[in-house]
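Here is a walk through one model, with a few local features picked out along the way. Have the structure open while you read.

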Amino acid sequence: MKNLIMAFAIPAIFAYAVTPFVKQWAEKVKAIDVPKDNRRVHKKPTPLLGGLSIYFACLIGILLYVPLSEKIIGVLAGATLIVICGYFDDIKPLSPKAKFAVQIVAAIIAMYCGVRIDRITNPLDFIYKAKWIELGILAYPVTLFWIVGLTNAFNLIDGLDGLAAGLSAISSVTLMIVALLTGTGESYIVAMTAILAGSVLGFLPYNFNPAKIFMGDTGAMFLGYMLSVISVLGVLKSATALSMLVPIFAMGLPIFDTLFAMIRRFASGKSMVEADRGHLHHRLLDKGYSQKKAVLTLYSISAVLGAGAIALVETKLKTAYILVFVVFLLASMGAKHLGLLNAGDTNNKIDV
């Protein structure tokens, strides 16, 4: 427990201490987000690159508290590649195809080092008597889709001060609790979730509204990547009923928001990389929410989904099915109420 507390505290203190220096560096290299379209909520130019604080804090925590196995080295190599890509994108935007290619390479590095979804628990074991469904060769495309998809999901939801950071912290804590409850999350998984949560929360005071610095693609893609690989190494390898849905609940808001965006753009005949004001946070603002109220509302929803993820671990299969049905029903009703499937403005390219 002492090591777990330190694994959280040291990255948090480091991120808090180093962020002002990262802000100065961002200003020096002119990594500034200038509001130039109606999708951006901030009114004045704001430094980017805040993700560097989170990355280095997380790196220090892992080097101190996580044994460097082949898997961890692969994760760090992929994460570093993601951060380098995000760094240059924050200074001068890269094309969506270039970033997508880097994300694929980072995922392949992780998979090569053993980060793979080799099997999932059988959700229909009352019909087909087998505890696991072995994915075989499908493990590679499934893992690739999961890592790249979540990397982009957190990037897409990074639209309000402190939103992506807070959601990442909630997701990290949820995955940590799940790993502790299942007993299958090895100690390094618990440590990694604590390290990631600490790194993000150390940065959050500078990022919460009114933000002094944004995490940029450097941070948003890094957080999505780390949460995706941690979930593969941890909860997706547990024997819990419907274990594949636990991380989907834990990171539900970014996943659902991205899913609705894909459906919305496909239905309106728009490109998947074409921006709009149809994201969940935009809809809340359009309904009159302030930035702080919108962010706190989304924090609350994420916490409820996190509680649902924990409940999936502790409930029986039939109860879990009912819980899943209720959550997806409420998500669909919420999407309809907020108009998440309605086309919004599409005047600008979006970062993937």
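Where is Pro210 found? Pro210 is in the loop between α7 and α8, with helices (H or I, at least four residues) and strands (E, at least two) taken as DSSP runs and numbered from the N terminus. The peptide bond leading from Asn209 into Pro210 is cis, its omega near 0°.

A word on ground rules. This is a predicted model, where local features need pLDDT of at least 70 and side-chain atom pairs count only at pLDDT 80 or more, while totals for chains, interfaces and linings use all residues. Residues are numbered from 1 along each chain as its sequence is written, and side-chain values use heavy atoms, with hydrogens and water left out.

Two residues with positive phi are worth a look. Lys30 has a phi of about 65° although it is not a glycine, and Lys30 lies in the loop between α1 and β1 (32-33). Leu49, likewise not a glycine, has phi near 70°, and its place is in the loop between β2 (46-47) and α2 (51-65).

How do their surroundings compare? For accessibility, buried means under 20% relative accessible area, exposed means over 50%, and partly exposed is in between (1.4 Å probe, protein chains only). Lys30 is exposed at 63%, whereas Leu49 is buried at 0%.

Phe88 sits in α3 and is partly exposed, at 49% relative accessibility.

**Rings**

Now for the aromatics. Rings of Phe, Tyr and Trp (its six-membered ring) are paired if their centres lie within 6.5 Å; planes under 30 degrees apart are stacked, over 60 edge-to-face, and the rest tilted. The count comes to 5 aromatic pairs. One of them joins Tyr16 and Tyr206, whose ring centres are 5.1 Å apart with planes at 35°, so this pair is tilted. Tyr16 lies in helix α1 (residues 2-28) and Tyr206 in helix α7, so the pair ties together parts that are 190 residues apart in sequence. Another pair is Tyr55 with Phe56: the ring centres are 5.0 Å apart and the planes at 65°, so that pair is edge-to-face. Tyr55 and Phe56 also form one aromatic cluster with Phe222.

How exposed are the members of these two pairs? Here they are side by side.

| Residue | Relative accessibility | Class |
|---|---|---|
| Tyr16 | 45% | partly exposed |
| Tyr206 | 14% | buried |
| Tyr55 | 9% | buried |
| Phe56 | 40% | partly exposed |

The charged end of Lys293 sits over the ring of Tyr289, 4.7 Å from its centre. To count as sitting over a ring, NZ of Lys or CZ of Arg must be within 6 Å of the ring centre and within 35 degrees of the ring normal.

**Cysteines**

How many disulfides are there? The count is 0, where a disulfide is a pair of cysteine sulfur atoms within 2.5 Å. Cys58 is buried, at 2% relative accessible area, and Cys85 is buried as well, at 7%.

**The cavity**

A cavity here is a set of points, on a 1 Å grid over the protein atoms alone, where a 1.4 Å probe fits but cannot get out; lining residues have an atom within 4 Å of a point. Grid points are joined across faces, edges and corners, and the volume is the space filled by probe spheres set on the points. There is 1 cavity of 30 Å³ or more, and the largest cavity has a volume of about 40 Å³.

Which residues line the largest cavity? They are Leu175, Ala179, Ile189, Thr193, Ile230, Ser231, Gly234 and Val235. The helices α6 (163-182), α7 (187-207) and α8 (216-233) each supply at least two residues of that lining. By class, the lining has 5 nonpolar, 3 polar and no charged residues, with Ala, Val, Leu, Ile, Met, Phe, Trp, Tyr, Cys and Pro taken as nonpolar, Asp, Glu, Lys and Arg as charged, and the others, Gly among them, as polar.

Note on methods
On a 1 Å grid over the protein atoms alone, a cavity is a set of points where a 1.4 Å probe fits but cannot get out, and a pocket is an open set with protein on both sides within 12 Å along at least five of seven lines; lining residues have an atom within 4 Å of a point.
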